Amino acid sequence: MSFASPLFLWFFTPVVLAAVLLCPRSWRNGIIAVASLFFYAVAAGADTWLLLVAMVVNYSVGPFLEPDQWDRRAAGRRRLLIMAVSVDLGLLVIWKYAGFATEQLDALAQVFGGDFPVTHLILPVGISFYTFHHISYVVDVYRGERHALRNPVSFITYIAMFPQLIAGPIVRYREISDQLPQVRSHRLDDIASGFPRFALGLCKKAIIADSLSPFVTACFATPSDQMTFAMAWLGAIGYTLQLYFDFSGYSDMAIGLGRMLGFRLPENFARPYSSVTITEFWRRWHMSLSRWFRDYVYIPLGGNRHGAGKTYRNLCVVFVLTGFWHGANWTFLVWGLFHGALLIIERGFHLDDAPSGTRARIARRALTMFLVVIGWVFFKSADLSSALAMVGHMFLPDFDGLSDTVVTALTNQRLVIMLAALAILFMPAQPVTGPLLESSRSTPATVLRIGVMTVGIVYAAVLIASGTFSPFLYYQF
């Protein structure tokens, strides 16, 4: 069930919100837990059992991971933590990477004249996200930063909460544990604050991202020997915009839904394309993922506390994992290594701080955007050869135009939307539209809020009703 589907928008969400609004406050978590399991079962089908197994394991070990006053069970708690994390990662590795791993073994075996059986498993929707939620829970409890949940309904509410279950934001347990007790009283205020944020995300997805999708797909599907300079740049810039509006749109919808249900989910985007350095880009792009890797991988590895060499090693580890977390394909590994290398270069040459001069900032911002666009080509491409061919055409100007397929996909309406979407590349870093729309009572925010909730959401609803919506891009991860 997609956030941008009629079933979700016109039936599921109104029923859940009405139940939360009209029923006693003490029923809130139970309503959300039941609705979330139903939502996931519709989306994942038979694979729902993987989520249930992971929840049973992590909920069961939680109370035994808490340290006591003297921590006399430190060794036992550590073994239990390793067991729980191993189960979580084991489910993720088997279902997400078994096919990729066996394909590589088969390719190696064929070099020596043999073969290796290839395993093909369907990737369960949302497994990358709920795995990270489970790990956050057991690690935060083990560290003594938060208490384990004794109420299974509260645990299900955290892990399976439908706004963030499929594609984030990745909510660390420490960020939401204080919100799980059902103490809120301003339910109408929550809905009034959350709905404009939800509407903004829906407009981003239905009006902009889905409009860009056809010609982006056509550009990237063009065979390497037919690719041109114009198609390569059109596809790369189009995908840069499509991915941002699709994923940030999903995040806005999730944060808005969470707010309407009484939860404040963490921000996930903060105008990333306004970044002046790659370091700043990763402080603004998919922020919940960056924070998760920082807290549970980078800092435990030593962070930047043990000299430059180990800092660079830790950055490489984090971005190899970041790349492979997105998918079992060499293109994601190259994308991760590309960004890791850029971060190391910036840190090594003291370029991670933004320059002060206006001209220098403009130049660095243009360079950062150029490097981000190049990276997205690897992220989007089906394989390395296609990515390299497309990047090669981006550096080799020619006088050839667009193919007939791309011209057909690039209608006047889509061209206008793309040109309007390009404005995001030139906007200042502040203010960030989502939080401004949700909380500010300024005149610009009010005008934007009214526009989104009237013209914007009506137009988005028409597009959805006509069947033009597509699954969110991050559903595949």
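Helix α5 supplies the largest share of the lining of the largest cavity, namely four residues. Helices here are DSSP runs of H or I with at least four residues, numbered from the N terminus. The model is a predicted one, in which local features need pLDDT of at least 70 and side-chain atom pairs count only at pLDDT 80 or more, while totals for chains, interfaces and linings use all residues. Residues are numbered from 1 along each chain as its sequence is written, and side-chain values use heavy atoms, with hydrogens and water left out.

A cavity is a set of points, on a 1 Å grid over the protein atoms alone, where a 1.4 Å probe fits but cannot get out; its lining residues have an atom within 4 Å of a point. Points are joined across faces, edges and corners, and the volume is the space filled by probe spheres set on them. Two cavities of 30 Å³ or more were counted by this rule.

The largest cavity holds about 40 Å³ of space. Its lining consists of A54, D88, L91, I127, Y130, T131 and H134. At least two of the lining residues come from each of α4 (74-111) and α5 (127-142). By class, four are nonpolar, two polar and one charged, where Ala, Val, Leu, Ile, Met, Phe, Trp, Tyr, Cys and Pro count as nonpolar, Asp, Glu, Lys and Arg as charged, and the others, Gly among them, as polar.

Definitions and conventions. On a 1 Å grid over the protein atoms alone, a cavity is a set of points where a 1.4 Å probe fits but cannot get out, and a pocket is an open set with protein on both sides within 12 Å along at least five of seven lines; lining residues have an atom within 4 Å of a point.
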